[in-house]
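Q: I am new to this structure and would like to go through it piece by piece. Could we look at it together?
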Amino acid sequence: MKKKSCEVFLCCVWLLVGIVSSARAENEPAPVPTIAYTLSMPQPQTHFFEVEMRLSNMANQTNLKKFGYLDVKMPVWTPGSYLIREYAKNVEGFLALANGKPVPAQKINKNTWRIATTDENITLRYRVYANELSVRTSHLDMSHGYLNGASIFLYQDALKAFPHQVVIQPYTGWTKVSTGLEPVSGQPFTFRALNYDILVDSPIEIGNHRTFTFTASGIPHTVAMYGDVEYDEKKLAADYKKVCETAATVIGEHPCESYTFIVHHFGNPSGGLEHQNSTTLQTTREAYKNETNYKRFLTLVAHEYFHLWNVKRIRPIALGPFDYDNENYTHMLWVSEGFTSFYEDYILRRAGYFTPDQYLNILAGDINGIENQPGTRVQSVAESSFDAWIKAYRPNENSINSTISYYTKGSVLANLLNLTILANTNGTRNLDDLMRFLWNEYYKKRQRGFTDDEFKKAAEQIANRNLDDFFRKYIYGTDAIDYNSFVQPFGLQLVNVAIPNNQGYLGAGTTFANGKLTVSSVRRGSAAWNDGLNVNDEILFVDSVRVSNDLNNALTGKRSGDKVRLLVNRDGLRKDLTLTLTENPLVSYRFDIVPNPTSQQRALLNRWLYIQHSAGAAAEGR
């Protein structure tokens with residue numbers, strides 16, 4: 001073959017090889033992006049976590065080649081705690097590298113860093129200051145490390161749905177890591193998450209904490225105990241098991257393969273925060289020392305555990321997928337948190353930790369809390385839910401007058417809806433049936449949350465009645481609740497047992513510090529409200545008598561309608577005020593059995609309160 005002919009032949013061969021190779025490449029799947037973090041803590045006394053984030057094979061998903069840069073972000077809030085917390089404020093020392101060499105990076109807004117590169121494999125390094133021990137933040141000191149993922153892990157928007165891996169490098173001498181994340185076999189302290197949402201939803205406890213295990217509903221549970229505290233492990237494990245198994249009966253199936261409790265014990269706890277297969281609980285070191293403290297702790301266990309179903313899976317449509325950059329608004333926190341607050345007590349009643357009378361006293365106490373707060377006539381629970389981002393976590397001296405808790409009022413409304421369902425179905429259904437319907441219809445079948453209207457229709461379907469008035473008056477409105485219309489079918493009546501008297505009421509809350517009695521709150525409609533006593537006024541004299549540390553003593557003997565003169569120090573100036581005392585508006589309710597309850601009323605009462613025998617049981621202790 002001639003040389004020229006040979007060259008032409010070889011060119012054709014290589015062209016054909018190129019075409020085949022190109023076609024094969026088009027058919028091959030693009031490399032899967034990998035997102036991996038390494039978390040170290042070489043100097044825990046400084047409260048800094050050191051984080052390295054490695055992103056690989058990401059060009060096809062991020063349009064990196066097209067734009068010539070990559071944006072990474074830090075969440076501004078964490079699911080379950082509805083307040084913008086600006087976690088990026090704790091990030092420092094941000095460094096981006098490609099092929100081991102620094103590349104330009106700058107912050108373009110409060111929580112976003114832009115890396116100027118077209119390399120699809122980059123490494124980010126940064127430090128996070130962690131010195132706030134709450135369930136919604138992170139904490140590191142010489143005793144332990146605790147992290148809430150939203151406050152530690154940066155994310156890239158286009159890569160959130162891909163698997164994430166975390167390697168924990170504990171401080172020297174620390175031997176335990178407890179988390180709900182899936183461990184990677186054969187790699188110590190290495191965990192993976194199917195996506196960023198799961199990573200963020202899995203807190204991590206690091207140190208030398210004690211742990212114990214138990215099995216409930218066939219599911220292995222681990223309890224990680226941080227803090228210097230004494231407890232009976234056998235009893236505690238048995239009570240955890242009982243609470244968890246009772247909670248699981250509401251829906252009837254368990255969503256987890258395993259579950260982790262992280263429990264912090266210290267002087268100023270902040271409650272709990274739910275996660276998809278774990279929770280963080282914070283309680284006092286005295287939690288297990290007496291029955292009152294212990295039952296209070298068990299209600300916290302029941303509350304956060306029931307969130308496994310309610311919120312983490314049964315949820316308003318606004319609460320997932322999450323927008324980590326902005327508020328996620330919903331009118332339904334009265335269901336997400338309020339119903340969970342209802343079940344925390346109802347579960348303990350069903351498990352036998354509360355007697356029927358104790359349960360009724362808890363409900364009456366919640367009603368007292370609502371009715372003694374003027375804000376219940378100002379803000380509906382739907383508004384309270386929506387405004388959680390600006391009001392619930394930012395109370396001020398006027399909050400009592402302008403807001404209501406979607407936890408407490410939501411819990412009471414859950415109870416009233418439970419009573420409505422029971423009464424209207426002759427005890428054949430209760431609130432459990434509504435929760436099971438939402439679980440099956442929206443979480444399992446439609447694989448999404450429910451809208452406000454869908455929730456109402458579901459409640460009407462289970463209750464077998466129209467609920468327009470209930471929602472208009474009590475959910476979206478602020479009407480006074482006719483409690484007795486709900487409890488009468490159960491043979492009960494709600495009675496105000498506040499001692500009637502004509503003692504005058506001022507309506508000012510006070511604090512005493514550094515020898516000064518200062519106004520801390522003023523109740524709407526009271527004498528203090530009507531006649532101009534202000535928060536931060538220092539009360540000096542009442543009717544020319546020098547006031548010490550107790551304003552009530554100075555008002556002893558005063559009657560409704562009496563006038564009193566107050567001399568106050570307001571911003572360095574003395575002012576004389578004349579106030580006309582009002583009647584005391586505070587109520588104190590309790591439940592009493594109606595005279596001669598019918599057999600139908602007794603049967604419904606027993607069904608409501610899970611009383612296994614009827615004769616006199618509901619009157620226990622009365």
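Q: Which side chain does Thr38 meet in a polar contact?
A: In this predicted model, the side chain of Thr38 makes a polar contact of 3.0 Å with that of Arg54.

Q: Where is Thr38 found, and is it buried or exposed?
A: Thr38 belongs to strand S1, residues 34-40. Its relative accessible area is 15%, under the 20% limit, so Thr38 counts as buried.

Q: And what else is Thr38 in contact with?
A: Setting aside neighbours within four places in sequence, Thr38 is in contact with Arg54 and also with Glu50, Val51, Glu52, Val167 and Gln169.

Q: Which residues does Tyr240 touch?
A: Not counting residues up to four places away in sequence, Tyr240 touches Phe212, Phe214, Val223, Phe261, Val263, Leu281, Phe297 and Val301.

Q: Which strands run antiparallel to S10?
A: Strand S9, residues 139-141, is joined to S10 by three bridges and runs antiparallel to it. A hairpin of two residues connects S9 to S10, and His139 stands opposite Tyr146. Strand S15, residues 204-207, also pairs with S10 in the antiparallel sense, over four bridges. There, Leu147 stands opposite Ile204.

Q: Changing topic: how far apart are the end C-alpha atoms of helix H13?
A: They are 20 Å apart. H13 has 15 residues, 431-445, which should span 21 Å at 1.5 Å a residue, so the two values agree.

Q: Where is the kink in H13 centred?
A: The kink, of about 25°, is centred on Trp439.

Q: Which residues of H13 are buried, and what covers them?
A: The buried residues are Leu431, Asp432, Leu434, Met435, Leu438, Trp439, Glu441 and Tyr442. Their cover includes helices H5, H6, H8, H12 and H14.

Q: What happens at the ends of H13?
A: Asn430 caps the N-terminal end, with a side-chain oxygen 3.0 Å from the backbone nitrogen of Asp432. Just after the helix, Gln447 has a positive phi of about 55°.

Q: You mentioned H8. How many of its residues are buried?
A: In H8, 13 of its 13 residues are buried. The helix reaches 18 Å from its first C-alpha to its last, close to the expected 18 Å. Gly352, which follows H8, has a positive phi near 90°.

Q: Where is the cis peptide bond between Gly320 and Pro321?
A: Pro321 lies in the loop between H6 and helix H7. The omega of the bond is about -10°.

Q: Finally, what is the phi of Asn99, and of Asn596?
A: Asn99 has a positive phi of about 55° although it is not a glycine, and Asn596 likewise has a positive phi of about 55°. Asn99 sits in the loop between strands S4 and S5 and is exposed at 66% relative accessibility. Asn596 sits in the loop between strand S28 and helix H19 and is exposed at 72%.

Note on methods
Residues are numbered from 1 along each chain as its sequence is written. This is a predicted model: local features need pLDDT of at least 70, side-chain atom pairs count only at pLDDT 80 or more; totals for chains, interfaces and linings use all residues. Side-chain values use heavy atoms; hydrogens and water are left out. Contact means heavy atoms within 4.5 Å. Two strands pair if DSSP finds at least two bridges between them. The expected span of a helix is 1.5 Å times one less than its number of residues. The bend at a residue is the angle between axes fitted to the seven residues ending there and the seven starting there. Buried means under 20% relative accessible area, exposed over 50%, partly exposed in between (1.4 Å probe, protein chains only). A polar contact is a pair of N or O atoms within 3.5 Å; within protein, one must be able to donate a hydrogen and the other to accept it, and residues adjacent in sequence count only if both atoms are side-chain atoms.
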